[in-house]
Amino acid sequence: MALTHNLGFPRIGTRRELKFALEDYWKPKTTADDLLNTAKHLRQQNWQTQADLDYAPVGDFSLYDHVLDMSFTLGHLPERVQGLKGSELDHYFRVARGRSPADCGCGIAAGEMTKWFDTNYHYIVPEVSEDTAFSLNNQRLLDQIAEARSAGVSPKPVIIGPVTYLWLCKAREGDDRLQLLERLLPVYGQLLDQLADLGVDWVQVDEPVLVTELDADWKAALETAYHALKGSRSKLLLTTYFGTLAENLQQACNLPVAGLHIDAVRGKQDVQAVVDWLPPHKVLSLGVIDGRNIWKTDLNGLLEWLTPVHDKLGDRLWLAPSCSLIHVPVDLALESDLDPEIRSWLAFATQKLDELRVLKSALNEGTDAVAGPLADNARAIASRRASGRVNNPDIRQQVQAITPELGQRKSPYSIRANKQAQHLKLPRYPTTTIGSFPQTTDIRKSRLAYRKQEISREHYVTTMKTEIERAIREQEKLGLDVLVHGEAERNDMVEYFGEQLEGYIFTRFGWVQSYGSRCVKPPILYGDIHRPGPMTVEWIAYARSLTDKPLKGMLTGPVTILNWSFVRDDQPRRDTAFQLALAIRQEVLDLEAAGVNIIQIDEAALREGLPLRRSQWQDYLDWAIDAFRITANGVKDTTQIHTHMCYSEFNDIIEDIARMDADVITIETSRSAMELLDVFEAFRYPNEIGPGVYDIHSPNIPSRDQIVSLMSKAAERVPAERLWVNPDCGLKTRQWEEVIPALENMVAAARELREAA
Ligand code: GLN
Ligand code: ZN
């Protein structure tokens with residue numbers, strides 16, 4: 001008899017109830033009790049949805065972040081919040097969000113956030129030093145186990161394993177995280193004791209580090225940890241996800257625990273070896289339902305593959321989603337407006353659990369017991385495979401026909417640079433912005449009204465054009481050298497393009513937590529990508545007509561569109577990226593034909609797409625950069641291509657960045673005193689660079705002197721004739737009152753630098 005369980009369920013709620021409860025509490029419009037009641041209600045709902053699983057996760061719910069929860073469980077808070085007055089909830093949000101001096105008499109920096117493995121979820125990085133101490137604070141988990149039991153589910157507490165926990169920490173410079181293991185393990189021991197005292201059967205111990213490349217120290221730490229915890233009276237389910245175990249497979253099989261969960265979607269190739277290697281007393285949990293995308297599972301195909309595994313393992317086989325379901329939206333049932341055909345191909349978290357139930361019945365009772373659901377599933381899978389909306393032979397033919405020449409500019413950079421200089425006649429230290437100007441309340445209101453069909457298209461267009469004109473006039477007044485149209489018409493840099501491409505659909509409630517109360521609603525790329533017509537030309541050409549100054553057109557690049565969407569699982573990501581590249585290439589050429597001779601192609605998410613294992617980086621970078629080049633490189637030598645990236649870690653990918661061969665790259669550097677340009681210097685990066693001179697995330701207005709000083713530092717590393725002056729990123733989240741003085745100072749700084757040169 002195969003058992004079913006789940007690794008984690010979305011906590012934001014079907015209608016983002018948690019987000020709104022948090023924001024009301026922070027305002028503060030509501031009390032802590034109100035917030036905690038909403039949280040309790042959401043947990044109850046989630047357990048109801050999971051009630052018939054053999055084990056439901058407990059402790060996966062979080063008010064903000066499950067890593068921060070674990071830090072609290074381990075009594076591990078950053079020094080800067082220790083000893084402050086207030087409740088535990090106050091401390092929790094202080095670490096999560098920081099506090100301004102006005103709030104608590106003392107400013108507190110928020111904990112640093114970073115990406116959870118290769119997902120778009122961000123966690124609060126625990127900070128450690130050699131002095132860090134831990135002490136158990138297990139009430140949250142204990143309370144929730146009681147809650148779960150009264151909700152009628154079999155609780156399986158979820159914790160982050162000690163090795164992954166340390167791996168997620170950031171150590172003070174010179175300190176070694178692994179030194180802390182010895183201090184940490186007794187706390188885990190106590191934690192497991194308390195769970196066993198409550199009669200907990202199984203504990204899910206997440207160790208996703210096992211799908212990454214681990215050096216000997218980390219592998220040894222896993223041995224130490226699990227030998228130390230071997231005495232646990234509750235059984236431990238060592239849980240891995242997001243990839244293949246590969247060279248860690250034997251170790252994962254042999255650590256002294258009672259069971260192992262593996263990602264049988266991304267790590268499908270491991271399954272046979274694990275079945276062979278796993279000691280006969282251990283349970284094997286196979287994550288067969290993809291927790292990272294929104295497609296229905298091919299249940300009939302899966303059953304064929306699973307049946308022999310089930311025959312061999314019997315009761316030792318457990319079934320689950322591949323990873324926690326927090327990476328997918330909650331419930332497809334809410335999407336009543338969605339195209340019914342495409343909807344029939346989808347499964348969100350709730351539906352993924354339904355799939356699990358069907359699988360379980362089919363294995364345990366025979367396929368006849370679930371003949372209806374299996375037949376429905378087969379129909380949906382067949383309809384998706386055969387759909388003319390998914391497969392467009394023309395597009396596939398165009399991707400097949402891609403040659404290296406398509407990604408090749410006509411001349412090398414040095415020649416282009418001369419031609420562009422003659423053509424554009426820009427001063428030294430040219431000033432520009434990254435694309436967006438403030439998205440004012442008027443802009444948002446007008447977009448909403450247009451969506452709701454309360455105003456006509458004409459009315460909407462006029463409003464947007466007024467905003468574009470305003471942005472142009474402000475930039476002229478400021479004396480910027482290269483203007484932009486300001487992106488008033490864009491709700492979001494991916495959605496805007498997705499909405500105009502065939503092959504995309506959008507959900508209404510398909511929210512996924514990004515961090516804390518922040519959610520994103522990734523569009524769904526379901527079919528071959530086709531651009532029915534120009535997407536941006538109307539707006540940018542209008543801006544072009546308003547001014548004689550150089551104007552830069554704005555597009556989002558193929559890799560970013562790919563990485564911020566749910567994409568199809570029936571072809572390699574590379575093929576999807578190339579389809580997007582061909583579509584946006586057409587847009588680039590249309591802009592050029594409309595007289596726009598500077599074009600920026602944003603690739604904010606290029607780095608995010610890097611695979612977990614370094615050994616797979618090159619393959620990704622090769623096609624990702626090809627996709628960019630295909631998009632960008634059809635233009636004339638005199639057309640200047642820009643790209644923009646919102647981060648600054650280029651150390652390990654500088655060669656690839658150089659291969660993009662954009663004439664100008666603008667990057668985020670202001671927070672690092674330009675040290676991040678060192679790698680461009682060392683690599684002798686040949687093209688032009690705009691290192692961001694002010695942090696657009698902060699309302700602070702940079703002074704002219706600050707900007708001059710940053711640019712002088714930049715000029716020590718990159719020849720001045722190849723430097724641009726610009727902010728870090730787009731200005732859409734700022735107010736005009738902040739933007740104008742900041743840009744005035746920026747322009748003044750550039751003038752000062754020119755005069756000094
Ligand atoms: N052009 C976009 C903007 O200015 C870039 C946004 C981004 O890099 N995240 O808003
Ligand atoms: Zn950016």
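Q: Taking helices (H or I, at least four residues) and strands (E, at least two) as DSSP runs numbered from the N terminus, where is the place of Arg80?
A: Arg80 sits in the loop between helix H3 (66-73) and helix H4 (88-97). This is a predicted model, in which local features need pLDDT of at least 70 and side-chain atom pairs count only at pLDDT 80 or more, while totals for chains, interfaces and linings use all residues. Residues are numbered from 1 along each chain as its sequence is written, and side-chain values use heavy atoms, with hydrogens and water left out.

Q: Ok, and which residues does Arg80 touch?
A: Not counting residues up to four places away in sequence, Arg80 is in contact (heavy atoms within 4.5 Å) with Ile108, Ala109, Ala110, Gly111 and Glu127. The side chain of Arg80 also reaches the backbone oxygen of Ala110 at 3.5 Å, where a polar contact is a pair of N or O atoms within 3.5 Å, one able to donate a hydrogen and the other to accept it within protein, and residues adjacent in sequence count only if both atoms are side-chain atoms.

Q: Switching topic, which residues does the UniProt "binding site" annotation cover?
A: The unreviewed UniProt entry gives Ile434, Gly435, Ser436, Glu487 and Asp602; the positions follow the numbering used here, feature names are shortened, and such annotations may be inferred rather than shown by experiment. These residues are spread over 169 residues of sequence and yet cluster in space, with a largest C-alpha distance of 12.8 Å.

Q: What surrounds Gly435 there?
A: Leaving aside neighbours within four places in sequence, Gly435 is in contact with Val484, Gly486, Glu487 and Met554. Gly435 lies in the loop between helix H17 (413-424) and helix H18 (441-451), and it counts as buried because its relative accessibility is 0%.

Q: And where does Asp602 lie?
A: Asp602 is in strand S19 (residues 598-602) and is buried, with a relative accessible area of 7%. Its contacts, again without residues up to four places away in sequence, include Met493, Leu555, Thr556 and His644.

Q: Now the voids: how many cavities are there of 30 Å³ or more?
A: The count comes to six. On a 1 Å grid over the protein atoms alone, a cavity is a set of points where a 1.4 Å probe fits but cannot get out, whereas a pocket is an open set with protein on both sides within 12 Å along at least five of seven lines, and lining residues have an atom within 4 Å of a point. Grid points are joined across faces, edges and corners, and a volume is the space filled by probe spheres set on the points.

Q: What is the volume of the largest cavity?
A: The largest cavity has about 200 Å³, and of the 19 residues lining it, Arg11, Asp60, His66, Val158 and Asp206 are the closest to its centre.

Q: How much space lies in the second largest cavity?
A: About 70 Å³, with a lining that includes Glu127 and Tyr165 and takes its largest share, three residues, from H3.

Q: Which residues lie nearest the centre of the second largest pocket?
A: They are Leu36, Leu63, Glu88, Arg140 and Gln144, out of 20 lining residues, and the pocket holds about 500 Å³ of space.

Technical notes: Chains are lettered from A and ligands numbered from 1 in the order in which they are written. Buried means under 20% relative accessible area, exposed over 50%, partly exposed in between (1.4 Å probe, protein chains only).
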